[in-house]
Amino acid sequence: MSGRGERAWPDSETRAATYQYGNPYAERGMELLDVRVTFRTRVMHPVDEVQESLRGFVSVVRSAEDANGAAVEPLLGLPRDPRIDGVSLPVDTVTEGAGATPTITFEPPDLGEPDSYRVVVFLYDDVKDADGAVLSQRTSVLSVDTTATTVEVPEGVLESGRYYSVQITAQLGTHTREAPFKYRGATLAQAQTYTGMFTP
């Protein structure tokens, strides 16, 4: 495909150019089907008195060719029974006294066998500038990719008087690349759950 464009700059002559354009990935790409079911729980921040969203999802990514005419079913269930130092963190309660360096534990999902997990700790206190304007309402303070079901939070991550929650994502599959944007296999699955809010 080709095109032609013209633009006149103030106090200058009109300049014309011819362009060639198209889809550079048509030969190398792969059409994918991405199915995602999301869910969330709204909770009230105990200090800022604003609603926060705790978010999870279950997703499957497959090549469109493999998915054509086939049922799309989840390959992974949610990680189960997340705890901090052995204490469960219900979503309808703010857990206090979690400690500055707690250990996060969870059980593998009932469905599927994950290749790895991602454990993320979120800070829910607003981050503000010097004038008090809100820069961020949710900030990731720790992200760990692991094959284990135990993660130790290092010193200096959690601060007393601040409010956090944990997201745990089970992950299955990787893009296997022969060349950029070309995949031999593209079956991926994720399942993310979360804890209630807690403070050290």
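Okay, some ground rules. What you see is a predicted model, where local features need pLDDT of at least 70, side-chain atom pairs count only at pLDDT 80 or more, and totals for chains, interfaces and linings use all residues. Residues are numbered from 1 along each chain as its sequence is written, and side-chain values use heavy atoms, with hydrogens and water left out.

So, the overall picture. How many helices and strands does the chain have? There is 1 helix, and there are 18 strands; both are DSSP runs numbered from the N terminus, with helices being H or I over at least four residues and strands being E over at least two. Of the 200 residues in the chain, 32% are buried. Buried here means under 20% relative accessible area, exposed means over 50%, and partly exposed is in between, with a 1.4 Å probe and protein chains only. The accessible surface of the chain is about 12,400 Å², and 46% of that belongs to carbon and sulfur atoms. Those areas come from the Shrake-Rupley method with a 1.4 Å probe, and for residues only the protein chains shown count as cover. Now contacts, meaning heavy atoms within 4.5 Å: among those between residues at least 6 apart in sequence, 64% join residues at least 24 apart.

Two strands count as paired if DSSP finds at least two bridges between them.

Strand 8, residues 103-107, pairs with strand 5, residues 80-84, over 3 bridges. Along that pairing, E107 is the bridge partner of R80, and I104 stands opposite I84. Strand 8 is also joined to strand 13 by 3 bridges, again antiparallel, with T105 partnered by T150.

Which residues of strand 8 are on its covered face? Those are I104 and F106, while T103, T105 and E107 sit on the uncovered one. In a regular strand the side chains alternate between the two faces of the sheet.

Next, T146, in strand 12 (residues 139-146). Is T146 buried or exposed? T146 is buried, at a relative accessible area of 16%. Leaving out residues up to four places away in sequence, T146 touches S116, Y117 and V151. A polar atom of the T146 side chain also lies 2.9 Å from the backbone nitrogen of A148.

Last, the charged pairs. Side chains of opposite charge can pair when their charged atoms come close. We have 4 salt bridges in the structure, where a salt bridge is a side-chain nitrogen of Lys or Arg within 4 Å of a carboxyl oxygen of Asp or Glu. One of them joins R118 and D145, with the closest N and O atoms 2.8 Å apart. That pair links distant parts of the chain: R118 is in strand 9 (residues 116-123) and D145 in strand 12, 27 residues apart. R118 is partly exposed, at 35% relative accessibility.

Another joins D81 and R83, at 3.0 Å from N to O. Here D81 is partly exposed at 38%, and R83 is partly exposed at 29%. Then there's E159 with R162, at 3.8 Å from N to O; E159 is partly exposed at 41%, as is R162 at 29%.

That's my tour, thanks!

Key. Polar contact = N/O pair within 3.5 Å; in protein donor to acceptor, adjacent residues only side chain to side chain.
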